[in-house]
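The sequence and structure come next.

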Amino acid sequence: MKKSIKILIFLLLLLISIPIIYVEVNKMIYKNRVMEYLITEKGYNKEEIKEIKGVWGKKLPPFYTTVIFKDEPSIKYTYFAHNDIIQFEYRSLNNEANIKSSDLKHYEPY
């Protein structure tokens, strides 16, 4: 009886952990794809990037990456890295409403 309970608990933990592992691995994959894109294709250094995060969102697509550059710490850029890597949007972390793309140093029109 005790052995069957241990097996059941193990299977339950396995079922719970699979979705968590899936999400974390995908967040890491998307983060790494965008980091490689910024370094190899756009010519940035790692030191120029303040923060880069893989994100699992509630909207489609479910996975994307956010980047904050050191020289623009109040702007968060969003990148999609599914087929091609594109910068999808930007937003102010200070809730500034009148930010123009022409004023941004790292804006990439798509």
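## Sheet

β1 and strand β2 (residues 63–69) pair in the antiparallel sense, over seven bridges. Strands are DSSP runs of E with at least two residues, helices are runs of H or I with at least four, and both are numbered from the N terminus. Two strands count as paired if DSSP finds at least two bridges between them. Ile-49 has Phe-69 in β2 as its bridge partner. Gly-54 is bridged to Thr-65 in β2. A hairpin of six residues joins β1 to β2.

The sheet is open, has four strands and runs in the order β1-β2-β3-β4, with antiparallel pairing. β1 (49–56) and β4 (85–92) are at the edges with a single partner strand each, so one side of each has no neighbour in the sheet. From one strand to the next, the twist averages 25 degrees. Its axes are lines fitted to C-alpha atoms, and angles run from 0 to 180 degrees between N-to-C directions.

## Basis of the model

The model is predicted: local features need pLDDT of at least 70, side-chain atom pairs count only at pLDDT 80 or more, and totals for chains, interfaces and linings use all residues. Residues are numbered from 1 along each chain as its sequence is written, and side-chain values use heavy atoms, with hydrogens and water left out.

## Nonpolar core

The largest nonpolar core has 19 residues, and Val-34, Leu-38, Ile-49, Val-67, Phe-69 and Tyr-79 touch the most other members. Such a core is a set of buried Ala, Val, Leu, Ile, Met, Phe, Trp, Tyr and Cys residues joined through side-chain atoms within 4.5 Å. α1 (2–41), β1, β2 and β3 each give two or more residues to this core. α1 gives the most, with six residues.

## Largest pocket

The largest pocket has a volume of about 260 Å³. Its lining has 13 residues; Lys-59, Tyr-64, Thr-78, Phe-80 and Glu-89 are the closest to its centre. A pocket is an open set of points on a 1 Å grid over the protein atoms alone, where a 1.4 Å probe fits, with protein on both sides within 12 Å along at least five of seven lines; lining residues have an atom within 4 Å of a point. The volume is the space filled by probe spheres set on the points, which are joined across faces, edges and corners.

β2, β3 (72–81) and β4 each supply at least two lining residues.

## Asn-95

Asn-95 lies in the segment after β4. Asn-95 is exposed, with a relative accessible area of 69%. Exposed means over 50% relative accessible area, buried under 20% and partly exposed in between (1.4 Å probe, protein chains only). Asn-95 and Ser-74 are 21 residues apart in sequence and 9.1 Å apart in space, C-alpha to C-alpha.
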